[in-house]
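This briefing reviews a protein model for a reader who works from coordinates. Please examine the sequence and structure shown here before turning to the points that follow.

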Amino acid sequence: MPQNGPTDSAEIFDRALRRKRRDRAARRYEGFIREHMLEGIGERLAGVTREFHDVLDMGSFAGGFELPGAHITRIDAGAAFAVQAGGVQADEDRTPFPENSFDLVVSIGVLDQINDVPGALSIARRALRPDGLFLGAFLGAGTLATLRSVFLHAESERPVARFHPQIDVRAAGDLLTRAGFALPVADVETLTVRYSSIFSLLGDLRGMAATNLLPGTPPLTRGTLARAAATFADRADPDGKTPERFEIVYLTGWAPDESQPKPARRGSAVASLAEALKGKN
């Protein structure tokens, strides 16, 4: 993994490096994880009995999300992906849209690499019309558990932070609430992929623009990579392939509207029970 460049010290990720990595991935994109996310988003959309006409795709990659009859506005932090998708290059947490512009916003495969996730979700919520829908999917806590472990072992004497903090499903639901979404739902799905070597896994991560974006990370040495590769191989199943885990977190939230179901008032269930008991006496 190349050494990262300078960035705002208050930010988790190097924005310039993220754009560079996305442009590199666009030349040889490996999108099987995102394809799985797209299927999951499609299944959730299939359960919604309404039509969507104006859609925002936040973090579009080369495209992939389609909705017949809808006009889709696409943005991506990488210039090459934006061009391939027919969209605009823009950071998802720095691109406010006019309020009430869309009735559906999707974000598939990027929320785990955005510096200001609450800000990006707030932008999405404000861009939605009342009762508009937000659907998101990203790699959450628990992803790449094997790779993390083998690098920790390979650099046990002088550990290096090569993996950014991850969002778990409970925190993801809290982020939806914090951004002002109504009826928030967060759920997680585990996808296990088996690799013949650590180099195949690293190749997939480069191809999906999912390598390290932390600023100032020292480059990998040959010795570290060799030790990590050996440990990865030691954890292989009898057929020589090592399983790796990808935890996909899905988010669903609605822009508030008066027509939506309201949560019960605090104490209302107790009051109703008291009234029922009173009627029996």
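A residue is termed buried under 20% relative accessible area, exposed over 50%, and partly exposed in between, using a 1.4 Å probe and protein chains only. By that criterion, the buried residues of H4 are Val117, Pro118, Gly119, Ala120, Leu121, Ser122, Ile123, Ala124 and Ala127. Helices (H or I, at least four residues) and strands (E, at least two) are DSSP runs numbered from the N terminus.

**Basis and confidence**
- The model is predicted: local features need pLDDT of at least 70, side-chain atom pairs count only at pLDDT 80 or more, and totals for chains, interfaces and linings use all residues.
- Residues are numbered from 1 along each chain as its sequence is written, and side-chain values use heavy atoms, with hydrogens and water left out.
- The average pLDDT (the predictor's confidence in each residue, from 0 to 100) is 91 for the protein, and 90% of the residues score at least 70.
- Over residues 1-7 pLDDT stays under 50.
- Where pLDDT is low, the predicted coordinates should not be read in detail.

**Helix H4**
- Helix H4 (residues 117-127) is largely enclosed by the rest of the structure, because nine of its 11 residues are buried.
- Its buried residues pack against strand E1 (54-58), strand E4 (102-108), strand E5 (128-139) and helix H6 (169-178).
- The N-terminal end of H4 is capped by Asp116, which places a side-chain oxygen 2.9 Å from the backbone nitrogen of Gly119.

**Helix H6**
- Ala172, Gly173, Leu175 and Leu176 are buried in H6.
- Viewed down the axis of H6, these buried residues fall within an arc of 155°, so they line one face of the helix; the arc is that of the directions from the helix axis to the C-beta atoms.
- Arg170 and Arg178, on the other side of H6, are exposed.
- The cover over the buried residues of H6 includes H4, E5, E6 and E7.
- Just after H6, Gly180 adopts a positive phi of about 95°.

**Sheet**
- An open sheet of seven strands runs in the order E3-E2-E1-E4-E5-E7-E6, with mixed pairing; two strands pair if DSSP finds at least two bridges between them.
- Strand E3 (88-89) and strand E6 (182-195) are the edge strands, each pairing on one side only.
- E6 pairs with strand E7 (residues 242-254) in the antiparallel sense over 12 bridges, and Ala186 has Leu251 in E7 as its bridge partner.

**Thr217**
- Thr217 lies in the loop between helix H7 (198-207) and helix H8 (222-234), and is buried with a relative accessible area of 5%.

Terms used. Contact = heavy atoms within 4.5 Å. Polar contact = N/O pair within 3.5 Å; in protein donor to acceptor, adjacent residues only side chain to side chain.
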